[in-house]
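Colleague: Could you walk me through a few of the labels used for this model? I would like to see each one set against its definition.

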Amino acid sequence: MKLTTLALLTATTFCSGSLWAGQDVFEARTDAMGGAGVAAGDRLAAGFVNPALLALADRQQDDVSLLLPALGADGADKNDMVDEFDTLQDNYDMLDGAIAQQNPDNIIRYRDLLLNNLQALQGDSAYASVGLGVAVVLPSNSRISAAVIAKTYLDAFVLADVSAADLQLLNNLDPLNPPSLDDLSSTGRVFAGAVSDFGVALSTRMSVGDMPLTIGVTPKLQRLDTFNYAVSANNFDVNDFNSDDYRNNDTGVNLDVGVALQPTEGLTLGLSGRNLVKQELASVVLADCPCQQLTYQVKPMVTAGLAYQWQGLTLTTDVDLTENNKFVELDGPKYWRMGGELQATDWLALRLGYRHDVNDVTTDIYSVGTGIVVGNFFRLDLTGMMGSDNAVGGALQTSFHF
């Protein structure tokens with residue numbers, strides 16, 4: 001898969017500390033509304049964003065709902081860096097062949113092309129996030145509402161580390177007396193972290209005065225994976241980053257909690273705390289690679305949300321109260337999200353959203369989506385996302401209701 005980025009990352013900022021990071025889960029309806037789901041999420045999204053939503057009276061149903069699957073990805077490759085690596089490898093092979101054939105004209109040609117490749121790669125980066133989710137929501141009852149959820153989410157970024165020695169070697173290469181071509185000392189790197197959860201979301205109802213109040217918890221088994229891949233630029237293959245040689249992993253337990261309050265008809269206030277047990281996992285160490293090790297983390301994330309529903313219109317907003325830095329050494333965003341949904345007909349919903357990082361680490365993201373209901377059995381949700389720096393993304397999910 002081609003990895004892509006939402007922000008330009010140079011070697012300097014990589015070593016010193018800022019990095020774009022996306023959300024923690026893809027769910028198409030929520031993503032279409034800018035990622036705001038702590039108060040507006042439906043029963044399919046509740047186990048991912050706020051388990052308390054499961055027990056709200058207006059979210060309950062007496063059927064089984066199966067979300068299978070929720071798929072999403074976002075990212076950008078502002079300077080087509082990954083394609084540039086492919087071109088570099090072709091030119092490297094052609095230069096190596098020209099040296100073997102002692103062809104001065106082709107040596108000059110492919111030397112210049114290879115030099116241009118390396119110069120174009122200086123300071124470039126690419127980023128992608130990819131997610132998969134599954135949920136089974138059980139029929140509601142008056143005491144406990146429950147859902148079984150599983151999800152996995154990957155953050156990955158690619159970095160080009162161009163060596164001054166390579167630039168000097170190519171600039172000084174004599175086409176009439178060329179040296180044999182060794183592997184470049186310039187490298188391509190992939191740093192990535194993934195978190196996988198399997199849990200059971202539970203929620204119950206009570207009241208504060210006349211106001212319905214729900215609380216929810218999601219105990220879960222959690223696995224972390226880190227990836228640290230670095231090879232010579234002429235041997236770089238982004239698809240090799242998840243080899244066992246570059247992977248580290250660990251398994252533990254974690255907990256999500258949430259509350260939801262409906263002070264008046266149509267108005268929902270939500271508060272969620274995800275990953276209350278902090279987990280960290282360092283990447284493997286690679287020999288002779290500067291800035292080679294990062295520590296991936298999941299840490300407590302607290303988000304407040306508000307949603308208002310009137311007839312077929314829903315308006316919602318979420319605010320992160322904590323910073324979401326996925327790597328210990330790097331800065332992370334705090335998102336303000338907003339969006340809306342119009343239930344245009346019984347079978348068609350239209351959605352818009354916007355996501356802004358108040359820390360100014362990442363680009364703004366705009367989203368649009370739709371939900372289509374077929375009978376009482378099947379629902380399809382689609383979302384598209386875009387932003388500056390060629391940022392693009394999308395989410396798709398299908399759900400079945402029995």
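Colleague: What makes Gly199 buried or exposed?

Modeller: Gly199 is buried because its relative accessible area is 3%, and buried means under 20%, exposed over 50% and partly exposed in between, with a 1.4 Å probe and protein chains only. Gly199 sits in strand 4 (residues 187–208). This is a predicted model, where local features need pLDDT of at least 70, side-chain atom pairs count only at pLDDT 80 or more, and totals for chains, interfaces and linings use all residues. Residues are numbered from 1 along each chain as its sequence is written, and side-chain values use heavy atoms, leaving out hydrogens and water.

Colleague: Which residues are in contact with Gly199, leaving aside its neighbours within four places in sequence?

Modeller: Those are Ala147, Val148, Ile149, Thr218, Pro219 and Lys220, where contact means heavy atoms within 4.5 Å.

Colleague: Why are helix 4 and helix 5 called roughly antiparallel?

Modeller: The axes of helix 4 (residues 81–101) and helix 5 (residues 104–121) cross at roughly 155°. Angles under 35 degrees count as roughly parallel, over 145 as roughly antiparallel, 65 to 115 as roughly perpendicular and the rest as oblique. Helix 4 and helix 5 are therefore roughly antiparallel to each other.

Colleague: Thanks! How do you know that the buried residues of helix 6 are on the same side?

Modeller: In helix 6 (residues 164–171), the buried ones are Asp166, Leu167 and Leu170. They cover an arc of only 100° around the axis, so they lie on the same side of helix 6; the arc is taken from the directions from the helix axis to the C-beta atoms. On the other side of helix 6, Ala164 and Gln168 are exposed.

Conventions. Axes fitted to C-alpha atoms, helices over the stretch in contact; angles between N-to-C directions. Helix = DSSP H or I, 4+ residues; strand = E, 2+ residues; numbered from the N terminus.
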